[in-house]
Amino acid sequence: RFPAYTVSRGGEAADFDDMQEMRMDYYLLTHLAADMGYQLAMAGAETFRVEDTMRRILQAYGVTCQTFAIPNCVAVSIEAANGKPLMIMKRIGFHGNDLEALEKLNALSRRICAERPDVDEAMAWLEETMKACRSYSTGVFYLGSVLVGLGFCLVFGGTLLDCLWAGAMGLIIGLITHFMDKQEANPFFSTLLAACCMALPAYIAAGLGLMNSPDAAIIGALMILVPGLPITNSMRDIIYGDTNSGIIRVVQVILTALAIALGTAAAWHLTTGVYGLTGSTTVSWHPLAQAIAVFVGCCGFCILFNVHGRGCVLCIIGGVATWMLYLLWGALGCDIYAANLFAALFAALYAEVMARVRKCPSMPYLVITILPLLPGAGVYYTMSLGLEGNMMDAVAKGLETIGVAGALAVGILLVSSVFRILNRRIRGARTLES
């Protein structure tokens, strides 16, 4: 039995003397916070955002609470008026990346904290928000896969013929991943199968002389499988002190990279009689052509990550600008690590600024804008050199890939750290004023 208690709402006191009503209010409030955290995690939110959102909602209703989240679980514990705890835990199962839902849920949590409605009404708001989230049709999803392969193939030196092949290979990845997602298959196996089935036609076509640069086409299509969201989330989790979650996501990234390498390696072995060590020629395209290609590729990623409206346009602009800055720093004589570092600094800064201008999470902007820099090519070439027996070159390329990933991490962490310090100071100043 729970004793009567008082909850402060909007400066007014609401007394609950009926035991059953108060029991239900406590339960629904905890359930609301847990549901909000669950939906955010399913949308691909960072760990710190999930925990902070649940905590803020409960604190807005004057409830003492503890929140906890890792990539596969969220938990909320509150202390009832009689001192007994009430805890709700939800396991995070199989999910994709839904940046549309992430943005709408973030806006809803702000609204709940500001208006503090009845818990029943807040639960209704949450249900309405989830129903209102837009999503692309299956056909458009496949189109997004085609655009990613087509666009990034040209960026990595493919010819126009290779781009057509890369678009078809991207469609193969889209078909396989969509089917495997419906079956809730293990992500490692799904990635391995998609990489293998995508690379098989590329090596066969190259062996028959139907493709100029199979490497560029494969890398362009493989960008769909590169774990862009886990990479950025792991960096942000670590900088916010969620080391466990960050490590879990890093392991996920490593396993995905391994699945990509194993899948393409299996395809290479299956086609050695046709492809062998056939040369792969690349083309150096003009920066303007690369800008158009990145634009196309980022359009595809906006579809795959379910980004809509004005945010979609801003994400694409950020991706193109980031790649242009990378090319500029390279033209000025910077090595690959410095060029990636400066481009990552811009991408992270752009994401943080856009988030504050539009009052939404920075994650959609950061994920899309930094995707052109992710070292998918490094993972592929490390595998390819190893298969050819050039172990020293493979090790060198692997170390270079790790160095590029480190440069991107440093750029993101620097900007995130600065903005976090600024946010703390602003909140502290507001607290003192109040």
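What percentage of the 434 residues in the protein do buried residues make up? Buried residues account for 51% of them, where buried means under 20% relative accessible area, exposed means over 50%, and partly exposed lies in between (1.4 Å probe, protein chains only).

## Basis of the description

This is a predicted model, in which local features need pLDDT of at least 70 and side-chain atom pairs count only at pLDDT 80 or more, while totals for chains, interfaces and linings use all residues. Residues are numbered from 1 along each chain as its sequence is written, and side-chain values use heavy atoms, with hydrogens and water left out.

## Overall architecture

The protein has 16 helices and five strands; these are DSSP runs numbered from the N terminus, with helices being H or I of at least four residues and strands being E of at least two. Contacts (heavy atoms within 4.5 Å) show how the chain is joined: among those between residues at least 6 apart in sequence, 71% join residues at least 24 apart.

## Helix α2

Helix α2 comprises the 14 residues 47–60. The expected span of a helix is 1.5 Å times one less than its number of residues; α2 should therefore span 20 Å, and its end C-alpha atoms are 20 Å apart, which agrees.

This helix is mostly covered, with 10 of its 14 residues buried. Among the buried residues are Phe-48, Val-50, Met-54, Ile-57 and Leu-58, and the buried set also includes Arg-49 and Glu-51. After α2 comes Gly-62, whose phi is positive, near 75°.

## Aromatic rings and charges

Rings of Phe, Tyr and Trp (its six-membered ring) pair if their centres lie within 6.5 Å; planes under 30 degrees apart count as stacked, over 60 as edge-to-face and the rest as tilted. By this rule there are seven aromatic pairs. The ring centres of Tyr-380 and Tyr-381 are 5.5 Å apart and the planes lie at 65°, so this pair is edge-to-face. Tyr-380 is buried, at 2% relative accessible area, whereas Tyr-381 is partly exposed at 24%. Elsewhere, ring pairs link Phe-152, Phe-301 and Phe-305 into a cluster.

A charge sits over a ring if NZ of Lys or CZ of Arg is within 6 Å of the ring centre and within 35 degrees of the ring normal. Arg-111 lies over the face of Trp-125, 3.6 Å from the ring centre. The charged end of Lys-90 sits over the ring of Tyr-38, at 5.8 Å from its centre.

## Cysteines

The structure holds zero disulfides, a disulfide being a pair of cysteine sulfur atoms within 2.5 Å. Cys-65 is buried, with a relative accessible area of 11%, and Cys-73 is buried at 12%.

## Positive phi in two loops

Asn-306 lies in the loop between α11 (287–304) and α12 (309–331). Its phi is near 60°, a positive value in a residue other than glycine, and at 7% relative accessibility Asn-306 counts as buried.

Lys-359 lies in the loop between α13 (336–358) and α14 (363–370). Phi of Lys-359 is near 55°, again positive in a residue other than glycine. At 60% relative accessibility, Lys-359 counts as exposed.
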